[in-house]
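Me: Hi! Could you walk me through this protein model?

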Amino acid sequence: MLVKCKKREIMEKNEKTSFAQKLYDLTELDYLVIEAYSLAIKEMENLEYKNKLESFKNDHERHITENVSLLKKHKEMYPKGPKFSQKWIVKGEVMVFNLLGDKKILDMLSKNEMETNEAYRCICAHEGQWDDASDTIKRGFEDEKRHKEWIDSVLC
Ligand SMILES: [Fe+2]
């Protein structure tokens, strides 16, 4: 799964990468997850699921806004979207899962949320974390836990 590859990339860089780069990578991951949510919302049949996923997508958009604001404040580079190639791979994944129904799409999103949770766990532990990033990162991590819990509760 593509999002998993992105998370592994973040994990591997953990020890030798600056906090700014990790925040950049996390924000890029948010863009990728939003792509998956956008496509999933379009394809999903259950209205309750659609509405919930829309709210999760909004959380990820807020994460991007907040992360970019931090990166700008610290005069660091920030991503403006997912990598073009990754965007199309995510689209392919959603289209394939869609053939198998709403629960299969949710299953794919659950795996994505597992990756974002791991990425947040990783950045929360970064020794170079900026003081002014702490609240934003913690709030984002709480959102990710909530997303994963809800999706998994539907899949049970
Ligand atoms: Fe999420």
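Reply: Happy to! This is a predicted model: local features need pLDDT of at least 70, side-chain atom pairs count only at pLDDT 80 or more, and totals for chains, interfaces and linings use all residues. Residues are numbered from 1 along each chain as its sequence is written.

Me: Which residues touch the most other members of the largest nonpolar core?

Reply: Ala36, Tyr37, Ala40 and Leu109 do, in a core of 28 residues. The largest share of this core, 12 residues, comes from α2. A nonpolar core is a set of buried Ala, Val, Leu, Ile, Met, Phe, Trp, Tyr and Cys residues joined through C-beta atoms within 7 Å.

Me: New topic: at what angle do α2 and α5 pack?

Reply: They pack at about 165 degrees, with their axes 11 Å apart. Axes are lines fitted to C-alpha atoms, for helices over the stretch in contact, and angles run from 0 to 180 degrees between N-to-C directions. That makes α2 roughly antiparallel to α5, a label for angles over 145 degrees.

Me: Which residues make that contact?

Reply: Among them are Leu26, Ala36 and Ala40 of α2, along with Leu109 and Ile123 of α5. Two residues are in contact if their C-beta atoms, placed from the backbone, lie within 7 Å.

Me: What about α3 and α6, how do they cross?

Reply: Their axes come within 11 Å and cross at roughly 160 degrees, so α3 and α6 are roughly antiparallel to each other. In the contact, residues including Phe56 and His63 in α3 meet others including His147 and Trp150 in α6.

Me: Last one: where is Val154, and why is Val154 called partly exposed?

Reply: Val154 is found in helix α6. Val154 counts as partly exposed because 15 other C-beta atoms lie within 10 Å. The C-alpha atoms of Val154 and Asp107 are separated by 9.6 Å, although the two are 47 residues apart along the chain.

Definitions and conventions: Buried ≥ 20, exposed ≤ 12 C-beta atoms within 10 Å, placed from the backbone. Helix = DSSP H or I, 4+ residues; strand = E, 2+ residues; numbered from the N terminus. Parallel < 35°, antiparallel > 145°, perpendicular 65-115°, else oblique.
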